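Here's a quick briefing to read alongside the model. Have a look at the pocket first, then the salt bridges and the surface.

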Amino acid sequence: MSEENKEILETLSMEFEENLEDALHNTKFPTDIEKHPIDLIRWCEKRAKIALDQTIELIKEEKALIQPVYTRKEILEAAKKCTTQDRNNQYGEPEDVFSFVAAKWQVHIDNRPPGPLTAHDVAMMMIDLKTARSTNNPAHMDNYIDIAGYAACGGEIVSKKAEPLDLIIR
């Protein structure tokens, strides 16, 4: 575990202890509990639940900051699963999809102005990649979301370099 993750978990642990202490000590203690010991246990459980709920909210807020650390073996196992199971099921055989993507990219390259590829070209070619992938599995919504994202990025890239009059939508 990274030092940063250890610090985050340490902070959350301290927060839980503080929340639990507040829940137990800063709440009016029922006076009739001495008559019914099971009520004391229930009362403590409720206070612990309150502290736990408060800490869970903190964990949700901090979750994005906790970065898992993967070993080479775990990364390779995940890649093996993706390339031999998940992706094949979602997009079809890699050779078929790659050939289709190559053809789409070649059309783009052959029909663009001469010169080195640009960031805009990459955005358009990534749309081609996602379009090719969606051919085998049109119901895979991730492709449409990614296409929209790449289109937005491509539009932003072009708009930063365009003259103001070029940006008027007709």
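Helix 3 is the top contributor to the lining of the largest pocket, giving four residues. This is a predicted model, so local features need pLDDT of at least 70 and side-chain atom pairs count only at pLDDT 80 or more, while totals for chains, interfaces and linings use all residues. Residues are numbered from 1 along each chain as its sequence is written, and side-chain values use heavy atoms, with hydrogens and water left out.

**The pocket**
- The largest pocket holds about 180 Å³ of space.
- A pocket here is an open set of points on a 1 Å grid over the protein atoms alone, where a 1.4 Å probe fits, with protein on both sides within 12 Å along at least five of seven lines; lining residues have an atom within 4 Å of a point.
- Among the lining residues are Thr83, Arg87, Tyr91, Phe98 and Arg133.
- Helix 3 (72–91), helix 4 (94–110) and helix 5 (119–136) each give two or more residues to that lining.
- By type, the lining splits into five nonpolar, three polar and two charged residues.

**The overall fold**
- The protein chain has six helices and zero strands (DSSP runs, with helices being H or I of at least four residues and strands E of at least two, numbered from the N terminus).
- Of the 170 residues in the protein chain, 17% are buried (under 20% relative accessible area; exposed is over 50%, partly exposed in between, with a 1.4 Å probe and protein chains only).

**Salt bridges**
- There are five salt bridges in the structure (a side-chain nitrogen of Lys or Arg within 4 Å of a carboxyl oxygen of Asp or Glu).
- Arg112 and Asp121 pair up at 2.7 Å, N to O; Arg112 is buried at 16% relative accessibility, and Asp121 is buried at 5%.
- Lys130 and Asp142 meet at 3.4 Å, N to O. Lys130 sits in helix 5 and Asp142 in helix 6, so the pair ties together parts twelve residues apart in sequence.
- Shared partners join Lys130, Asp142 and Asp146 into one salt-bridge network.
- Glu77 and Lys73 meet at 4.0 Å, N to O, and both lie in helix 3, four residues apart, about one turn of the helix.

**The surface**
- Met141, Tyr144 and Ile145 make a nonpolar surface patch of about 320 Å² (residues with over 30% relative accessible area and no salt bridge, nonpolar side chains being joined within 5 Å).
- Ile145 lies in helix 6 (residues 141–161) and counts as exposed, at 57% relative accessibility.

Methods:
Patch = residues over 30% accessible without salt bridge, like charges linked within 9 Å, V, L, I, M, F, W, Y side chains within 5 Å. Areas by Shrake-Rupley, 256 points an atom, 1.4 Å probe, with all protein chains shown as cover. Points joined across faces, edges and corners; volume = space filled by probe spheres on them. Nonpolar A, V, L, I, M, F, W, Y, C, P; charged D, E, K, R; others polar.
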